[in-house]
Amino acid sequence: MAKQVSLMSKFDKELFKKNVIDNVKTLYRKTLDEATPQQIFQAVSYAIKDLIVDNWMDTQKEYDEQDPKMVYYMSMEFLMGRALGNNMINLQAYKPVEEALEELGLDVNLVEDQEPDAALGNGGLGRLAACFLDSLATLGYPAYGCGIRYRYGMFKQEIRDGFQVEVPDNWLVDGNPFELRRPEYTKEVKFGGYVSVRMDENGRNVFTQEGYQSVKAIPYDLPIVGYGNGIVNTLRIWDAEAVNCFQLDSFDKGDYQKAVEQENLARNIVEVLYPNDNHYAGKELRLKQQYFFISASVQEAVAKYMRHHDDIRKFYEKVTFQLNDTHPTVAVAELMRILMDEYYLTWDEAWEVTTKTCAYTNHTIMAEALEKWPIELFSRLLPRIYQIVEEINRRFIIEIERKYPGNQEKIRKMAIIYDGQVKMAHLAIAAGYSVNGVARLHTEILKNQELKDFYEMMPEKFNNKTNGITQRRFLLHGNPLLADWVTDHVGADWITDLPKINKLAVYADDEKAQQEFMNIKYQNKVRLANYILEHNGVEVDPRSIFDVQVKRLHEYKRQLLNILHVMYLYNEIKEHPEMDFYPRTFIFGAKAAAGYRTAKLTIKLINAVADVINNDASINGKIKVVFIENYRVSNAEWIFAAADVSEQISTASKEASGTGNMKFMLNGALTLGTMDGANVEIVEEVGAEHAFIFGLSSDEVINYENHGGYNPMDIFNNDADVRKVLMQLINGTYSQDTELFRSLYNSLLNTMETNVADRYFILKDFKSYAEAQKRVEAAYRNEKGWAKSAILNVACSGKFTSDRTIQEYVDDIWKLDKVVIPEKKPVAPVASVLGKKK
């Protein structure tokens, strides 16, 4: 592990070792020698948890005493990765714990490898949320993360015969040693039924939901440890249980299904992340999930506030909700419901509180990704919430008409309820006090294109917060060799102040530094090559260029462009075996949504191409293609550390930001990409000469989409190389079934398949992409030049820390104050905690 400036001077190594041994005995009735690797991981984790809990309690005590404003970060996903190593790092305890384990005959890396990745997220949305929680704690800001305790995550990906197969990700099978069950904060969440109205003695309407089904929401708390400051915030994830458990009378009568009906209702809500919504039942389950965790979170936020305050009208002075995309938007109506139905505020009073509490982050430019719910489903499942949304919509339309008299087009574009749908993004914008994009280009496209009407009506709400990543996981933990090298050259301040890494720039032209850097990169490539050999059975050359694209699989991210280019290179080598070609290893990693046929077929194509190329001895290993199964945070850390080339090749204007691009940059990979999302800002920071930019601009893409003028068949007819590659999709080159990849072929050329041929401009950008790849090869041959560019990418990554992003949220949106924990003990309180006698 990387060197740290440790505050563990009083660390009692012997007592820590004793705690691990005692945990094995207490938990499993075994000695250390008898324990399985998983049992040892659990024992070590509980010992680390002991180091955390006192600070966790102290933090909450300070929050209660200082009464600071708190942000509740609400998200369907928190892609946390493994907790053990991250907690040790942020406690600044990694090195002493590593030494203690060595003395017990244990390898800290093998212990860490026993931990499954927490299956609480899937893609960039969830990983951003995890980085934000890390930064909030490290910067000392009070925060709760609010989400769902999924039992099986989205799925664990297996590759069988080249196809993605989804299997349950049973990450909780051995228990989660870091979580705390908090039944004292259980909440009831109601679904269905109807709303009755009566008038109370004061002449006001009282709304009551009746005839409903309900579940209990049980919170589980996970500690979020700040780096070296004693702060421990909380990620609260909600599990569902039946209100009325097993019904013995039904069971005794032989009605076994009815006996467990309530349990099944609860269990279904928390089984999986993003259930397939290609059918009605899937849509209903998704909406249930969203309301379940939002209702529980909002209920508890209000209850927590009222435990210390007596005026609910001032709720927004101490609480803010950040809605991470449209999934949590129902929080707007739920807060209104609680304020009006339980605290008897008038509509205007409740609306003032709500509109000063809720803020919305937009994460997509894709209109189809902005959630919309059928009125029939929404009103049936959430009858009281729908009434409130209806009234919000009625009043919002009045505002639109007042601003734009007689303009029915504005109402059509902006109404919250229209054409039989409830539009959640519109609700978030109408009710939120802030609407932010996640990269400068993305925010400008929102203001000028997708959300133009809203921006024109309420420009003061819109702002940009370019995403960021935590350097503590993705450099300090994920790439210890490079982290040590950086610290040796510029000191350790970068761990909590990443812009200070820019001091590395002076070493970019230093030959000794270049050699050291490239040697570290080589060692990381060897590490990944060994992983690939173990898991894929493919031998790759760590001296080849590691060209990497790892991210959620979607057509706009254009993994298809990448693999078509690989097919093109393979054709070139087969036709010209004498050509000078620098060996390349193309590495892919991606999950496709279970119901996303085109994405899953792209995975099959990548694996089919890999199977042909990797087994063709005639090309002498000049190209290798690898698809890394079950891409996740833990193997991503190794991938980022080993990458030479960072593939960020989305169709310009489609990627909101991206954060993988930042992780690659931090680890010294050069960006090959379009001017899309945060790529624009990366290039600004490091300079275009240290990246490889290609393809249409966002303006050009938007112009083609709005006005036409692009026909991919022209390219097919006029470019023999492209034509050959596309024909290989359907002529048996990569599958005996010539129809297997027909739909991919049609998506690029045949408008009958997708309504718009080559919707994501793959063929339009193909030649530019191929030329950029040639520039990559030429640049890599100049080892000194490449090393300079790689070092400068690391040195210029300072802007892209999530610490900076969070500080901007705090300054511009949330208006939080830092909390400082009095120093009663070292920052990582190992000695005083471990010194206590049981």
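**Note on the core and the aromatic contacts**

1. Apart from neighbours within four places in sequence, I623 touches V566, L569, Y570, I573, F581, R584, F586, I613 and N614. The model is a predicted one, and these contacts are computed from it.

2. I623 also belongs to the largest nonpolar core, where I623, I48, F292 and F321 are the residues with the most contacts inside the core. That core holds 275 residues. In soluble globular proteins, nonpolar side chains tend to be buried together.

3. The structure has 25 aromatic pairs. One of them joins Y582 and Y780 in an edge-to-face arrangement, with 5.3 Å from centre to centre and 75 degrees between the planes. The two residues are 198 residues apart, and the pair links distant parts of the chain. Y582 lies in the loop between helix 22 (559–575) and strand 19 (584–589), whereas Y780 is in helix 32 (residues 762–781).

4. Are the two partners buried or exposed? Y780 is buried, because its relative accessible area is 10% and the cut-off for buried is under 20%. Y582 has a relative accessibility of 23%, so Y582 counts as partly exposed.

5. The charged end of R149 is placed over the ring of Y220, at 3.9 Å from the ring centre. For K525, the charged end sits over the ring of F546, and the value is 4.9 Å from the centre.

Conventions. Residues numbered from 1 in each chain as written. Predicted model: local features only at pLDDT ≥ 70, side-chain atom pairs only at ≥ 80, totals over all residues. Heavy atoms only, no water. Phe/Tyr/Trp six-rings, centres within 6.5 Å; stacked < 30°, edge-to-face > 60°. Helix = DSSP H or I, 4+ residues; strand = E, 2+ residues; numbered from the N terminus. Buried < 20%, exposed > 50% of the residue type's maximum accessible area, 1.4 Å probe, protein only. Lys NZ or Arg CZ within 6 Å of the ring centre and 35° of its normal. Core = buried A, V, L, I, M, F, W, Y, C linked by side-chain atoms within 4.5 Å. Contact = heavy atoms within 4.5 Å.
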